[in-house]
Amino acid sequence: MANLKEIRNRIASVSSTMQITSAMKMVSAAKLKKAQDAITAMRPYANKLTELLQSLSASLDGDSGSKFSDEREVHKVLLVAITSNRGLAGAFNSNILKQCTILMDETYAGKQVDFVAIGKKGNDFLSKKSTVLANHSELYEDLSFDKVAVIAEDLMERFTSGEYDRIDIVYNKFKNAATQIVMTEQFLPIVPMEGAEGSGGDYIFEPSKIEIVEQLIPKSLKTQLYKGIRDSFASEHGARMTAMHKATDNATELRDQLKLTYNKARQAAITNEILEIVGGAEALNN
């Protein structure tokens, strides 16, 4: 059994850790509220805009379709991996990196797969496995639509120039503080909505349908990427808050166990001292 000094040191260490995890939980909880409000307010708009453009794109003739809907044989794939800059968030980052590995080794096996990393954790891991064209870890310092739009424009240029045949986004979708869903969304080419062919016949388009699609698609793609990053941002704080809550509970339990062990060891030491005193007294009497 460890001596009393060692147990006291462990109790102090665990108590210090518990204070840190508790503070991190409170910080993440405060940040989560703001991030959750942002993605909750944005999601209906982004989803409806994507639905509208998919419907319009499906109703265009093949020869007049958008350059962003150009379906071609896939040889080169670009994956946008959205992770965080910091850890201590449970399986938040590892789930994304695991999904990226599956896509690279199984889904797109035999094809060239490169990455754009949004988040330091993703860049550190993926740079050892494949080519990372860009790392946008600084994005989280001041997350805004304008900064994300620049990244989206670069992705659009890489697709329309023929550099890549398909671009996917891999991120954590926020459901609640305890649940994040790993998503793989096709960014480019745009997927027409099934059953939408010939839709739009009841509408009058001004300017033409093609012009509307060509103008709205870049905005829709920027919004889609921004939504993914916002989802991931809220998921990160939810995952960290949950992880730190569990860590605090575990530290509390461990501290209580150590205190019990300490009290037992202290009682045993006192008992031994009493026995030694009694034994010494009896020896003197004899």
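Leaving aside its neighbours within four places in sequence, which residues is Arg-240 in contact with?

**Before you start**

This is a predicted model, in which local features need pLDDT of at least 70 and side-chain atom pairs count only at pLDDT 80 or more, while totals for chains, interfaces and linings use all residues. Residues are numbered from 1 along each chain as its sequence is written, and side-chain values use heavy atoms, with hydrogens and water left out.

Colour the model by pLDDT, the predictor's confidence in each residue, from 0 to 100. The average for the protein is 88, and 91% of the residues score at least 70. Confidence is highest in strand β1 (residues 76-82), at a mean of 97, and lowest in α1, at 88. Where pLDDT is low, the predicted coordinates should not be read in detail.

The element names follow DSSP runs: helices are H or I with at least four residues, strands are E with at least two, and both are numbered from the N terminus.

**Stop 1: Arg-240**

Select Arg-240, which lies in helix α5. Its contacts (heavy atoms within 4.5 Å), leaving aside neighbours within four places in sequence, are Met-24, Ser-28, Ser-84, Arg-86, Gly-87, Leu-88 and Ala-89. Arg-240 counts as buried because its relative accessible area is 1%. The cut-offs are under 20% relative accessible area for buried, over 50% for exposed, and partly exposed in between, with a 1.4 Å probe and protein chains only.

**Stop 2: Leu-88**

Next, select Leu-88, one of the residues in contact with Arg-240. Leu-88 sits in the loop between β1 and α2 (92-107). With a relative accessible area of 55%, Leu-88 is exposed. Look at its backbone: phi is positive, about 55°, although Leu-88 is not a glycine. Most residues other than glycine have a negative phi, and most peptide bonds are trans.

**Stop 3**

Show β1, β4 (residues 166-176) and β5 (179-188). Two strands pair if DSSP finds at least two bridges between them. β1 and β4 are paired in the parallel sense, over five bridges; in this pair, Leu-79 has Asp-168 in β4 as its bridge partner. β4 and β5 are paired in the antiparallel sense, over nine bridges, and they form a hairpin with two residues between them.

Which residue in β5 does Ile-169 stand opposite? Select Ile-169 and look across to Glu-185. Then select Val-170, whose bridge partner in β5 is Thr-184. In a regular strand the side chains alternate between the two faces of the sheet.

**Stop 4**

Select Leu-188 and Pro-189. A cis peptide bond joins them, with omega about -5°. Pro-189 is in the loop between β5 and α5, and Ser-208 is also placed in the loop between β5 and α5. Ser-208 counts as partly exposed because its relative accessibility is 31%. Use the distance tool on the C-alpha atoms of Ser-208 and Ile-169: these residues are 39 apart along the chain, and the separation is 30 Å.

**Stop 5: the largest pocket**

A pocket is defined on a 1 Å grid over the protein atoms alone, as an open set of points where a 1.4 Å probe fits, with protein on both sides within 12 Å along at least five of seven lines; lining residues have an atom within 4 Å of a point. Grid points are joined across faces, edges and corners, and a volume is the space filled by probe spheres set on the points.

The largest pocket has a volume of about 270 Å³. Of its 14 lining residues, select the closest to the centre: Thr-50, Gln-54, Glu-185, Gln-186 and Gln-224. The elements that give two or more residues to the lining are α1 (4-58), β5 (179-188) and α5 (209-285). The largest share, five residues, comes from α1. By class, the lining has five nonpolar residues (Ala, Val, Leu, Ile, Met, Phe, Trp, Tyr, Cys and Pro count as such), three charged (Asp, Glu, Lys and Arg) and six polar (the others, Gly among them).

Now pick out Gln-224, in helix α5. Is Gln-224 buried or exposed? Gln-224 counts as buried because its relative accessibility is 11%. Not counting residues up to four places away in sequence, Gln-224 touches Ile-169, Glu-185, Gln-186 and Phe-187.

**Stop 6: Asn-285**

Finish at Asn-285, in helix α5. Asn-285 is exposed, with a relative accessible area of 67%. From C-alpha to C-alpha, Asn-285 and Asp-124 are 75 Å apart in space, and they are 161 residues apart in sequence.
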